Amino acid sequence: MGRIEKIKRELIEEANKRILGENVKEEPIKVTYTKPLKYTFLFNEGDGDKPIRAFNSVYSEWESPVNEESTIYQIGRWLRDSLPTIFKFVDREFEDQLEGIIKLSSQTSSSGGDSANANVGEERLEYVEGLVFKALDQIGVKDTAIKKLLTSYTESDYDATKLPSYMDNGKVDPDKMEQQATVEITPVTIKGLETDAITDIEHDIEAASGSWSTEEVDIVKAIKRLETYSDIEDLNKRFGNLEGRINGQITDGVTQYGSDTKERKDIRDHLNKIAHRSGKTDIAKISGDKLVIILDQ
């Protein structure tokens, strides 16, 4: 690259940083590389606050009697590392992606009456919510912050198991596995590329592109470095039209696979994967021999 071209490139990069820098967005992302912490508590019929057994999904083991002190410690441990991320996004863009980091649920037996079941189900929800409150309190979180977590980012659900219409609940014995409540904790982390990282991906796609030959695999590798929906939007702005850029290079010409079908599918799958990570639905699909990208969510 000549000196003049190098200076032009540097000027363009600096302009991109000034124009696009404020649009580079970090997002809170639910961790998927490890399964969430989930406790399942079993109760005697009609009881809502004294579980008789508990199952820990991480260790895949039941305990009886329930060690509440250990449960509270584990819940706090799983939430502690996510707290800086959670409160960084309070009242900011992407706050909605924090919803469901805590999930509470309760269930009652199909053998009980509706009113009695509703009361017991509520007691069981209060029990698991109390465990989360104690866990956050134990690690030093302010009461106001705990309330924010439990009201804004916690999903609660009560399910009363229903018998078929031809069955009489007065003749059916309670099912112990229906007498339960659960608490599930999904850690969150921060994802999203800086301006320089988006620039590197842009350059790598340009370097892999050509009028007569294209390194399709290198384009796929570059696209797979995108982490979030916002990253896709940023790269789309760089090219003016990411869909057009990809379709101009990922064609049905002869490649080591016979055509670019595999590369097109790999790009589609990655774009949809990181869109889902950001709480979006599918944004990419294949229509004939073209990739279609819809960025309107």
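Which residue with a positive phi follows H10? Gly-279 does, with a phi near 80°. Helices (H or I, at least four residues) and strands (E, at least two) are DSSP runs, numbered from the N terminus.

This is a predicted model, in which local features need pLDDT of at least 70, side-chain atom pairs count only at pLDDT 80 or more, and totals for chains, interfaces and linings use all residues. Residues are numbered from 1 along each chain as its sequence is written, and side-chain values use heavy atoms, with hydrogens and water left out.

The end C-alpha atoms of H10 are 24 Å apart, which agrees with the 24 Å that its 17 residues should span at 1.5 Å a residue; the expected span is 1.5 Å times one less than the number of residues. Among the buried residues of H10 are Glu-263, Arg-264, Asp-266 and His-270. Buried means under 20% relative accessible area, exposed over 50%, and partly exposed in between (1.4 Å probe, protein chains only). The cover over the buried residues of H10 includes helices H7, H8 and H9 and strands E9 and E10.

Lys-280 sits in the loop between helix H10 (261–277) and strand E9 (284–287). Lys-280 is partly exposed because its relative accessible area is 22%. Beyond its neighbours within four places in sequence, Lys-280 contacts Tyr-229, Ala-275 and Gln-297; contact means heavy atoms within 4.5 Å. The C-alpha atom of Lys-280 is 9.7 Å from that of Gln-97, 183 residues apart along the chain.

Thr-40 belongs to strand E2 (residues 37–42). With a relative accessible area of 12%, Thr-40 is buried. Residues that Thr-40 touches, not counting those up to four places away in sequence, include Arg-53, Phe-55, Trp-62 and Gln-180.
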